[in-house]
Amino acid sequence: SFLHTWAVIVACGGIQAKCDALASCPGNLNVEGFGLASIIPTGWTTPDEFAEVRVNDTGETVVVELGSRAYFANSCTAGVYSHKEYLAFNLLGKKMKYTTDMSGLGCGCNAAFYLTSMHQNREASECSDYYCDANNVCGQSCAEIDIQEGNKFSWHTTLHAKTDHGGVGKGYGGGGANWNGPRDWSSATYGPGASCIDTMVPFQVEVAFPADASCQLTAMEVTLSQAARSDCQLKVAIDKYDGMPEMSAALSAGMTPIASYWASADMLWMDGKGADGMGACASDSPHECGKQTTFSKFSVETIPGSACVVQLTSQGPAKPAKPAEPAAAPATKTTTTTAFIVDEGGNSGFQVPLRLVGPLGFLAGALCAALPLTAFGYFQKQGMERVADAATTQRTFQTSSMNSNSLMSMASIAEMQESEQQA
C-alpha cells in the first residue's frame with residue numbers, strides 16, 4: 001500500500017546506504033564444494049527495525065550487523081520471502097568449515113551460526129520470512145542445530161529437537177547461582193589471549209556429522225583451530241541425545257544455514273560465571289557489543305571414509321550476479337533500479353526508483369518533522385486570535401460602560417438644575 005511505501009521511505013530517512021540495503025539483495029557467498037549461496041536478510045517487512053546484512057566484494061565473507069539474521073538460499077528476489085528459496089543441506093556424512101571473528105563481542109553479545117528446517121516451513125511466521133527454530137522465536141518451531149553460539153568469552157554447541165528449548169550442549173561458559181554451563185574448556189584455553197584459541201583473532205570452525213551405513217546420525221563433532229596455533233585444537237562431540245533420530249530426519253530432509261548476531265542483558269546462561277565462578281562474565285553489557293560480526297571462507301565436503309554418502313542437496317547454486325553495465329549516455333539509454341516495498345505477507349508491491357528513495361526519504365523525514373511545527377503554529381495563531389477577540393470585546397464593553405455612566409451623570413445634572421429653577 002501507499003502508506004507502507006511511505007513507511008519504508010521514512011524508515012531509511014534519506015540515508016542512502018540503508019535505502020540501498022532495503023531495496024536489494026545482500027549478494028552471493030561462495031561455499032566451496034557447493035557453489036554460490038544467495039544471502040537473504042531478515043527485516044524486509046519491518047524496515048524501521050532493519051539491520052543490514054551484506055556480502056563483501058570477494059564473495060568470501062558475510063557481514064552481519066547487530067540485530068540481523070542471514071539465511072542461505074539458492075536465489076534472492078529483493079523484498080520477497082519464499083521458503084522454497086532457502087537452501088536445504090543434507091550434511092549427514094559431511095563436514096562444514098568456516099572462519100568466525102568475535103573479537104568485538106563481549107559479555108551479552110551472541111554471534112551464532114546454526115541450521116534449522118526453514119526450507120520445509122510453509123508458515124510465514126510472525127517474522128514474515130518463514131523463520132523457525134526450537135525456541136519458537138517467531139511463532140514457528142522446528143529442529144535446530146547450533147554449531148556456534150558465543151562471544152570472545154564463551155562458546156556453546158547444542159542440539160535441539162523441535163520442542164526441546166534447552167537441548168543438549170557442550171563448550172564453555174555460562175551458568176547461574178545454582179548451576180553451571182558447559183565446562184569442556186576453560187578461560188585458559190578459550191578467550192582473549194588464551195593459549196589455544198585467542199578470540200581476539202579470527203579462528204576456524206569445523207563441524208562434522210558422522211553417520212552410520214544407514215545414514216543415521218551418530219554424533220555432532222566441532223573442532224576449533226587457529227593458524228597461529230596449529231599444534232592446539234579445541235574439540236567437543238555430542239553423541240548421546242534422546243532426540244538423535246529427529247536430528248537425523250531433519251538433516252536428511254535438508255537444513256538451512258543461518259548466521260545471526262544479537263545482544264541481551266540476559267545472556268548469562270551463555271557467558272555467566274555460574275555457581276563455580278569459572279565463567280567469564282559477572283554481568284552482561286549489550287550496549288558495548290560491536291556493530292557487526294563476520295563469517296567467512298565456507299566449505300563443505302564428505303567426511304573421508306564415511307559409510308554414509310548422500311547428495312548435499314538437489315538445489316543448484318545461485319546464479320552469478322550480472323556484471324554492472326557501463327554507464328550509457330542519457331540520450332540513448334536510461335537504467336532504472338527500483339526499490340521493492342514489501343507487505344506484511346512477504347510480497348513485493350509498490351516500486352520506487354532507487355535513485356529517488358534517498359531524496360524521498362529526506363523529504364519524508366523533513367515533512368514528518370515539519371508537521372508538528374506547522375500544527376503548533378496553526379493552533380498558536382488560533383489561540384492568539386481568540387485572545388485578541390476577547391480583548392476587543394472587553395474594550396468595547398468598557399467603552400460602552402463609560403458612555404452609559406457619562407449619560408447618567410449628565411441626566412442627573414440637568415435634573416438638579418431644573419429643581420433649582422422651580423424653587
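Reply: Pro317 sits in the loop that runs between strand E19 (292–302) and strand E20 (338–342); strands are DSSP runs of at least two residues (E), and helices are runs of at least four (H or I), numbered from the N terminus. This is a predicted model, in which local features need pLDDT of at least 70 and side-chain atom pairs count only at pLDDT 80 or more, while totals for chains, interfaces and linings use all residues. Residues are numbered from 1 along each chain as its sequence is written, and side-chain values use heavy atoms, with hydrogens and water left out.

Pro317 is partly exposed, with 44% relative accessibility (buried is under 20% relative accessible area, exposed over 50%, partly exposed in between; 1.4 Å probe, protein chains only). Apart from neighbours within four places in sequence, Pro317 contacts Phe34, Gly35, Leu36 and Asn74, where contact means heavy atoms within 4.5 Å. Its C-alpha atom is 9.0 Å from that of Leu87, a residue 230 positions away along the chain.

As for the rings, the structure holds 15 aromatic pairs (rings of Phe, Tyr and Trp, the last by its six-membered ring, with centres within 6.5 Å; stacked under 30 degrees between planes, edge-to-face over 60, the rest tilted). Among them is the tilted pair of Trp44 and Tyr81, at 5.2 Å centre to centre and 40° between the planes. Trp44 belongs to the loop between strand E2 (35–41) and strand E3 (53–55) and Tyr81 to the loop between strand E5 (68–73) and strand E6 (94–101), so the pair ties together parts 37 residues apart in sequence. Trp44 is buried at 2% relative accessible area, and Tyr81 is buried at 4% relative accessibility. Ring pairs also link Phe72, Tyr98, Phe113, Phe295 and Phe298 into a cluster.
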